[in-house]
There are 2 protein chains.
Amino acid sequence: MLDETHDASLTSWVESANVPECDFPIQNLPLGVYRPRGHHLSRIGTAIGDSIIDLAPWLEGSTLDSYLKLPRSQRRDLRKTLSGALRKGATSQELIPQTECDMLLPASIGDYTDFYASIHHAANVGNMFRPGNPLLPNYRHLPIAYHGRASSIVPSGTHVQRPQGQTGAGLFGPSRNLDYELEIGALLGPGNQQGQPIPIADAEEHIAGLCLVNDWSARDIQRWESQPLGPFLAKNFATGISPWIVSIEALEPFRVSAPPHELPALPYLQTGPETAFDVTVEAWLRSARMTDPMRLSRGSFRGMYWTLAQMIAHHTSNGCPIRAGDLIASGTISGPEKSNRGCLLELTWNGADPLHLPTGETRTYLEDGDEIILTGYCERNGFARIGFGTCRGVVSPART
Amino acid sequence: MLDETHDASLTSWVESANVPECDFPIQNLPLGVYRPRGHHLSRIGTAIGDSIIDLAPWLEGSTLDSYLKLPRSQRRDLRKTLSGALRKGATSQELIPQTECDMLLPASIGDYTDFYASIHHAANVGNMFRPGNPLLPNYRHLPIAYHGRASSIVPSGTHVQRPQGQTGAGLFGPSRNLDYELEIGALLGPGNQQGQPIPIADAEEHIAGLCLVNDWSARDIQRWESQPLGPFLAKNFATGISPWIVSIEALEPFRVSAPPHELPALPYLQTGPETAFDVTVEAWLRSARMTDPMRLSRGSFRGMYWTLAQMIAHHTSNGCPIRAGDLIASGTISGPEKSNRGCLLELTWNGADPLHLPTGETRTYLEDGDEIILTGYCERNGFARIGFGTCRGVVSPART
């Protein structure tokens with residue numbers, strides 16, 4: 001539902017928020033947990049322009065844990081309050097420069113579930129390993145997912161140590177197929193009681209907001225370990241998330257309809273129109289020898305086969321409890337074109353088609369010193385552009 | 001390491017602890033979280049005979065969270081202190097009858113990992129679905145596991161609602177293949193830093209104690225959803241655990257060597273002798289029409305192909321962080337004989353060979369009203385028998 005907070009003509013007394021390409025105009029107001037460098041206490045803030053406004057006057061706590069337990073109506077009220085307080089003409093407050101803060105995890109993440117909601121990603125991966133039969137029979141019937149590891153989720157900027165692991169019979173060593181995955185995550189709350197599914201019509205009540213997710217993956221470990229129970233050590237060494245949670249309210253202007261399905265969904269997965277979100281996502285690579293990063297892919301969250309509402313309805317359809325602070329991620333966001341592929345497994349076709357970097361280097365998978373930078377933003381005529389900031393990570397060498 | 005707390009001749013001033021078949025003699029001293037019925041605050045206690053001793057004089061908190069962060073030496077010291085305080089001749093203290101308390105989850109469980117460590121279970125399941133080729137190539141090389149769902153873990157006694165779910169294209173309804181899994185779990189702590197594997201020689205330092213685990217499973221949902229990323233909704237509707245955490249110190253007298261492997265383990269998985277534990281485990285069924293439960297299986301944790309130390313070393317070999325309060329479970333404990341099979345999938349060979357109950361009823365999978373009771377105990381000549389108590393759950397009808 002659109003309200004006065006989405007008005008494109010709104011400007012802020014924080015001048016840096018009024019610059020056209022800014023990720024954090026007054027129409028965005030994402031929440032996050034920051035710590036001024038040199039301090040040891042973390043605090044809640046909202047990003048505005050190049051600054052942070054501390055949320056202590058409006059919200060208690062040092063993480064978003066309490067916020068995530070609020071009903072959506074109260075989260076919406078907070079957004080309206082913040083919009084008013086930051087509007088041009090309102091009393092100015094202390095601004096904390098983002099460059100002087102470290103960003104931490106936004107909440108105590110209880111459980112993390114990773115979906116597989118891009119049919120283009122699933123088809124590409126399927127074609128590589130099962131040529132001619134890319135999609136398994138269940139794909140178009142339910143949102144496939146697996147449980148990830150909450151303990152390995154790290155904030156943007158954390159170095160990602162190349163994992164060691166088994167890659168075959170008697171083989172153990174540093175992964176040689178280290179990959180990233182470009183995903184969007186949803187931080188959930190308030191959640192449901194065990195045994196009480198969330199109807200799809202109510203699913204969005206339990207999404208506080210979205211962020212970028214890099215589900216770092218070791219493909220060689222994954223191939224060897226994944227049968228019959230799925231990926232495990234190939235994924236749980238690190239998953240990065242961007243620190244600013246863009247509220248589902250901020251995303252209202254960017255609703256679109258999800259792609260049509262070839263098969264009718266079962267009733268519990270049937271949604272109305274405009275339950276997808278048009279978020280453009282990009283992955284960038286900067287090797288240690290590069291000054292500027294190079295874009296690897298650009299895709300859109302709008303093309304996912306399954307929507308967030310469908311993921312939540314499916315996740316809880318058996319009575320599984322979702323708790324405030326849980327994270328679900330979309331799975332790799334890929335599209336129909338090569339330029340839309342959201343991981344190196346697809347982009348290099350498992351190494352068969354290496355990438356060429358401007359330095360003359362080539363890449364099949366990631367090398368030590370490579371930085372992966374994910375970005376995301378929403379644009380639509382008549383509305384202010386809003387951005388997700390970045391999710392960054394540099395690959396550090398394997399432990400010796 | 002054996003010490004005075006293991007002396008079989010020790011008796012307690014709590015007379016019920018001195019009865020030969022008691023699960024909780026003074027040699028056991030398991031920890032748990034209890035709430036006297038009618039109260040709303042939970043407390044930490046140790047089970048002794050048919051009673052509970054409150055641990056407030058020795059340990060702070062309303063869960064075991066802080067205890068799990070302690071180094072093993074301090075946990076061992078606490079055990080010695082409790083052994084002294086409960087010994088015959090020591091000053092008696094208030095006894096709280098176990099029958100007047102509800103038992104809660106022992107700790108804030110952050111992440112839950114379920115292994116697949118019984119080669120007999122893996123071979124039986126494999127034979128059912130891949131006749132002639134039961135074990136996948138990776139099985140003897142690494143402990144297979146998947147991430148479970150921490151939010152769905154419930155204490156013993158919680159009713160388990162039959163889940164609904166998809167069981168094929170266009171099919172949605174209550175699971176018709178509801179099963180239990182007889183497992184042992186380890187509650188972990190203090191844990192490791194991300195990026196720092198736990199060497200196998202140190203792995204047991206991070207095991208606080210063991211409990212029984214019932215990893216309830218919906219086999220029809222599992223078959224349809226599990227490719228390519230593993231089980232998801234087939235498992236995350238409920239996982240039951242027994243409330244008393246039997247410390248690894250209490251299990252010292254029951255150390256045995258694990259079964260020999262046909263293939264040499266990689267160095268990071270190589271252990272010394274006596275890293276397995278001889279815990280006998282049983283599953284019992286009581287239908288709504290039965291007065292006494294009927295034993296379905298009896299097996300031993302000693303026969304698992306992979307030990308707990310190997311599971312922890314493997315889990316962290318890629319740098320994955322384990323935190324105090326994490327739970328790992330063994331996977332279904334089955335043995336070479338039919339009487340050792342730890343789930344109905346194996347016992348009834350996916351329904352082909354139904355069970356006959358003393359009431360004249362038959363079972364392929366669980367019916368509403370069925371209660372599953374798991375028990376476990378350790379016995380060895382020259383030592384006091386110790387028990388795990390029970391992990392119970394009654395199947396309630398699917399939501400309508």
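A salt bridge here is a side-chain nitrogen of Lys or Arg within 4 Å of a carboxyl oxygen of Asp or Glu. With that in hand, welcome to a few close-up views of this predicted model, which holds 58 salt bridges over all chains.

**View 1. B:Glu282 and B:Arg295 pair across two strands of chain B.** The side chains of these residues meet in a salt bridge, with N to O at 3.8 Å. B:Glu282 sits in strand β20 (residues 280-286) and B:Arg295 in strand β21 (residues 294-300), so the contact ties together parts that are 13 residues apart in sequence. B:Glu282 is buried, because its relative accessible area of 5% falls under 20%. B:Arg295, in contrast, is partly exposed, at 39%.

**View 2. B:Arg289 reaches B:Glu361 from a distant part of the chain.** The closest N and O atoms of this salt bridge are 4.0 Å apart. B:Arg289 belongs to the loop between β20 and β21, while B:Glu361 belongs to the loop between β23 (355-356) and β24 (362-363), 72 residues apart. B:Arg289 has 57% relative accessibility and so counts as exposed, whereas B:Glu361 is buried, with a relative accessible area of 12%.

**View 3. B:Glu361 also forms a salt bridge with B:Arg363.** Here the closest N and O atoms lie 3.3 Å apart. Both B:Arg363 and B:Glu361 are buried.

**View 4. In chain A, salt bridges that share partners build one network.** Its members are A:Arg72, A:Glu204, A:Glu205, A:Glu249, A:Glu252 and A:Arg255.

Methods:
Residues numbered from 1 in each chain as written. Chains lettered and ligands numbered in written order. Predicted model: local features only at pLDDT ≥ 70, side-chain atom pairs only at ≥ 80, totals over all residues. Heavy atoms only, no water. Helix = DSSP H or I, 4+ residues; strand = E, 2+ residues; numbered from the N terminus. Buried < 20%, exposed > 50% of the residue type's maximum accessible area, 1.4 Å probe, protein only.
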